[in-house]
Amino acid sequence: MTHPFLNTKSLTLVVTLFVALSLFSAATWAQAINESEPESEPAMSEELANDMKAVFGPRTESQQAAAAAEAAWFRSLYEFITASGDDYSLAAILAKQLGSFKTNQLMAKIQHDQDTSDALNDTSFQPLADALNLLIAQAELSPEALDVMTALCLDEHIKDHCHANVLLEKRMRTDGFNLHAYWRPFDLASQSNNAVLQGRLLELMTLANRSHSFHYIKPTLTSLIDQFMATNPFPELATKHLIATYRQMSGLSDEKKQQLEELIPAYLPSYVKWSFNYINDVPPYRSLIDYCQTNKQQIESCNHVADTMINASNNIMDKGMGYTLKLATAELSGNQQDLKQAQQAHDQFKASYQCLVELTRDEHHMDSFFNPTYRQINLEPIGEFEKLKKLAAWRYQQRQTAGDKN
């Protein structure tokens, strides 16, 4: 049975937002964010304004029909995935439902649709929370499912209805040697000013031997999508609309725009799978950093956690925050030599990261979407940092083959 959140408009808009996130490069989105501030200058570029209009602008009747066909197809896909009973896939569907609501909010704001905004304010999240609580009650849950469920449970719209204590305790038992099992509990202890609990949680964090987030889609879910698409082709109307949208985007070269009819069929499975990106939990690092900046007796433990984040993480944010934590404890200790070394290590990491990012950039970043190697790397169930390195190596080889000696 279709969940109340999975209405046609919600499905259409959540896929639209995914398209936007995919189409705009990191640099473009940074520009958009900066330009959203009242004091920011210069004005939005012509290319960005054009891309925003293509994705978020009002739709014609034919475009609305295409979007409705795509939404109906995704609704059937979600029902197929839900029937599998796989814990991670179920959590992913619940995350998509909440994402649909947030996308509705964003689109209503962009299009100045006050009627939709008012209607959304009356939305009840109890049905979604009930489904999430049933999933939390399952005897066995995978670390990846628990990660997605944590992001859901502690979202501002769900947290008052979700059994957070049960979930977080289960996550610590299931994935207790992973630092990511402790970020949310530590943040909640900080919010309640429970110094004893903070100290105990920090002690447990020092026993962790890795700091792994789940910036990937599990093979169980990608397999389900492949199974569904084998007998349920993507709607022709939606495919034509996608091609028309891509042809308006500045991130795609003229050469690729002319080839879209031939390229799209092989690309569509990745398009669908990538729509499940951005559902993992983002840790509240600030609570621990603030704690470590003000508790001199915990410097050794804080340093230990920082070392785990730097040396045993699979994602960029953990590594960067590990260096930040290292700097915080060095400042608190007052040891200038430690502070100098921490700053040098931080700067070296920042430079190497920027080098990797630079290698993955291209003038027409969307062209890569249609390269099978690029798609394969992006769908591997590996850590974010490892994926970035693979993409950089692939791009480096491409440039060398093209004769770039820089």
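## Helix packing and buried polar sites in a predicted model

In helix 10 (residues 183–191), the buried residues are Trp-183, Arg-184, Pro-185, Phe-186, Asp-187 and Ala-189, where buried means under 20% relative accessible area, exposed means over 50%, and partly exposed lies in between (1.4 Å probe, protein chains only). This is a predicted model, so local features need pLDDT of at least 70 and side-chain atom pairs count only at pLDDT 80 or more, while totals for chains, interfaces and linings use all residues. Residues are numbered from 1 along each chain as its sequence is written, and side-chain values use heavy atoms, with hydrogens and water left out.

**Overall picture**

- The protein's secondary structure comes to 21 helices and 0 strands; helices (H or I, at least four residues) and strands (E, at least two) are DSSP runs numbered from the N terminus.
- Of the 406 residues in the protein, 49% are buried.
- Taking contacts between residues at least 6 apart in sequence, 76% join residues at least 24 apart; contact here means heavy atoms within 4.5 Å.

**Helix 10 and what follows it**

- The buried residues of helix 10 pack against helix 8 (143–153), helix 9 (164–174), helix 11, helix 16 (286–294) and helix 17 (299–311).
- Just after helix 10 comes Asn-193, with a positive phi of about 55°.
- Asn-193 sits in the loop between helix 10 and helix 11, and it counts as exposed because its relative accessibility is 67%.
- For context, most residues other than glycine have a negative phi.

**Helix 4 with helix 13**

- Helix 4 (residues 61–84) and helix 13 (residues 236–246) have axes that come within 8 Å and cross at roughly 120°; axes are lines fitted to C-alpha atoms, for helices over the stretch in contact, and angles run from 0 to 180 degrees between N-to-C directions.
- Helix 4 and helix 13 are therefore oblique to each other, given that angles under 35 degrees count as roughly parallel, over 145 as roughly antiparallel, 65 to 115 as roughly perpendicular and the rest as oblique.
- The crossing of helix 4 and helix 13 is left-handed, meaning that the near helix is turned anticlockwise from the far one by less than a right angle (clockwise would be right-handed).
- On the helix 4 side, Gln-63, Ala-65, Ala-66, Ala-69 and Glu-70 meet Leu-237, Ala-238 and His-241 of helix 13.
- Sorted by class, this contact of helix 4 with helix 13 has 5 nonpolar, 2 polar and 1 charged residues; Ala, Val, Leu, Ile, Met, Phe, Trp, Tyr, Cys and Pro count as nonpolar, Asp, Glu, Lys and Arg as charged, and the others, Gly among them, as polar.

**Helix 11 with helix 17**

- The axes of helix 11 and helix 17 are 9 Å apart, and the two helices pack at an angle of about 45°.
- That angle makes helix 11 and helix 17 oblique to each other, and helix 11 passes helix 17 in a left-handed crossing.
- Leu-202, Met-205 and Thr-206 in helix 11 meet Ser-301, Cys-302, His-304 and Val-305 in helix 17.
- By class, the contact of helix 11 with helix 17 has 4 nonpolar, 3 polar and no charged residues.

**Two buried serines**

- Ser-213 lies in the loop between helix 11 (195–206) and helix 12 (219–231), and it counts as buried because its relative accessibility is 2%.
- The side chains of Ser-213 and His-215 make a polar contact (3.1 Å); a polar contact is a pair of N or O atoms within 3.5 Å, where within protein one must be able to donate a hydrogen and the other to accept it, and residues adjacent in sequence count only if both atoms are side-chain atoms.
- Not counting residues up to four places away in sequence, Ser-213 touches His-180, Asn-314 and Asn-315.
- Ser-89 belongs to helix 5 (residues 87–110) and is buried, with a relative accessible area of 0%.
- The side chain of Ser-89 makes a polar contact with the side chain of Asp-86 (2.7 Å).
- Leaving out residues up to four places away in sequence, Ser-89 touches Ile-81, Ser-84, Thr-220, Leu-221 and Leu-224.

**The loop between helix 15 and helix 16**

- Tyr-278 is found in the loop between helix 15 (260–274) and helix 16, and its phi is near 65°, a positive value in a residue other than glycine.
- With 56% relative accessibility, Tyr-278 counts as exposed.
- Asn-277 is placed in the loop between helix 15 and helix 16 and, at 28% relative accessibility, counts as partly exposed.
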